[in-house]
Amino acid sequence: MKRLLKLVVGLSLAVGMWSCTHPAWEEHYSVASGNVIDKTLKEALLADKELSQFVAYLEEMNYLDQFAYSQSYTIWAPTNDAWVGFDDTDKRNLLQTLKNHVSRYPYLTSDVSQKSVNLHLMDNKRVLFHKEGDDFYFGSKKLVAYDQAYKNGILHKISGVEPYVQNIYEYIQ
């Protein structure tokens, strides 16, 4: 019985490992396929002049460097125009707002073509990623550029800053 159990577990592991290296998967996510730009999210953010204010805030809060590593993220980056009028004097709120625009794992617009996705963000909040007509939205903010795939994640540009909203516990503290 133990021998049969070991055999079943071994075969299951082998099949599981094989499925992770399926050629179609590798082709879709390989840099050589042309689908993925051979840069990290950090490099992409630094090179994009439309996102210079977002990058400045990320640098100020020592949050930019985490996008240089292999962990997969999706960044919902407000353009420079979106930051006009934003109060950046409260540094705790600034950091939470930045985290409110980052989620782990890649999310593409194809994920929401049929249904909405409730995203878990780095500030432990949730926001709805959805489609209305031909447009895609991150919360209430329209995506102005989307599905830019990089080595360690996806970059979307949005039309506004999605506000960070405190819950009751955070407000009391």
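Colleague: Hi! Let's start inside. How many residues does the largest nonpolar core have?

Modeller: The largest nonpolar core of this predicted model has 24 residues. Those with the most contacts inside that core are L45, F54, L58, F67, I75, L98 and L155.

Colleague: Which elements give two or more residues to this core?

Modeller: Those are helix 3, helix 4, strand 1 and helix 5. Helix 4 provides the largest share, with four residues.

Colleague: Why do residues three or four places apart point the same way in an α-helix?

Modeller: An α-helix has 3.6 residues a turn, so residues with that spacing point the same way.

Colleague: New topic: salt bridges. How many does the structure hold?

Modeller: It holds six salt bridges. One of them joins the side chains of D38 and K151, at 3.8 Å from N to O.

Colleague: Where do D38 and K151 lie?

Modeller: D38 is in the loop between helix 2 (23-29) and helix 3 (41-47), while K151 is in the loop between strand 6 (141-150) and strand 7 (153-158), so the pair ties together parts that are 113 residues apart in sequence.

Colleague: Is K151 buried, exposed or partly exposed, and what is its relative accessible area?

Modeller: K151 is partly exposed, because its relative accessible area is 46%, which falls between the cut-offs of 20% and 50%.

Colleague: What about E60 and K91, how do their side chains meet?

Modeller: The side chains of E60 and K91 meet in a salt bridge, with 2.4 Å from N to O. This pair also links distant parts of the chain, with E60 in helix 4 (residues 52-60) and K91 in helix 5 (residues 91-99), 31 residues apart. E60 counts as partly exposed, at 37% relative accessibility, and K91 is partly exposed with a relative accessible area of 37%.

Colleague: Which residues are linked in a network of salt bridges?

Modeller: That network links D48, E50 and K157. Elsewhere, K142 forms a salt bridge with D135, where the closest N and O atoms are 3.7 Å apart.

Colleague: I also spotted N100. Where does N100 lie, and is it buried or exposed?

Modeller: N100 lies in the loop between helix 5 and strand 2 (102-104). It counts as buried, because its relative accessibility is 5%. Apart from neighbours within four places in sequence, N100 is in contact with L121, D123, K125, F138, E162, P163 and Y164.

Colleague: Last one, the surface. Which residues form a nonpolar patch there?

Modeller: That patch is formed by M1, L4, L7, V8 and L11, with about 570 Å² of accessible area together. L7, for one, is in helix 1 (residues 2-20).

Definitions and conventions: Residues are numbered from 1 along each chain as its sequence is written. This is a predicted model: local features need pLDDT of at least 70, side-chain atom pairs count only at pLDDT 80 or more; totals for chains, interfaces and linings use all residues. Side-chain values use heavy atoms; hydrogens and water are left out. A salt bridge is a side-chain nitrogen of Lys or Arg within 4 Å of a carboxyl oxygen of Asp or Glu. Buried means under 20% relative accessible area, exposed over 50%, partly exposed in between (1.4 Å probe, protein chains only). Contact means heavy atoms within 4.5 Å. Patches are made of residues with over 30% relative accessible area and no salt bridge: like charges are joined within 9 Å, nonpolar side chains (Val, Leu, Ile, Met, Phe, Trp, Tyr) within 5 Å. Accessible areas come from the Shrake-Rupley method with a 1.4 Å probe; for residues, only the protein chains shown count as cover. A nonpolar core is a set of buried Ala, Val, Leu, Ile, Met, Phe, Trp, Tyr and Cys residues joined through side-chain atoms within 4.5 Å.
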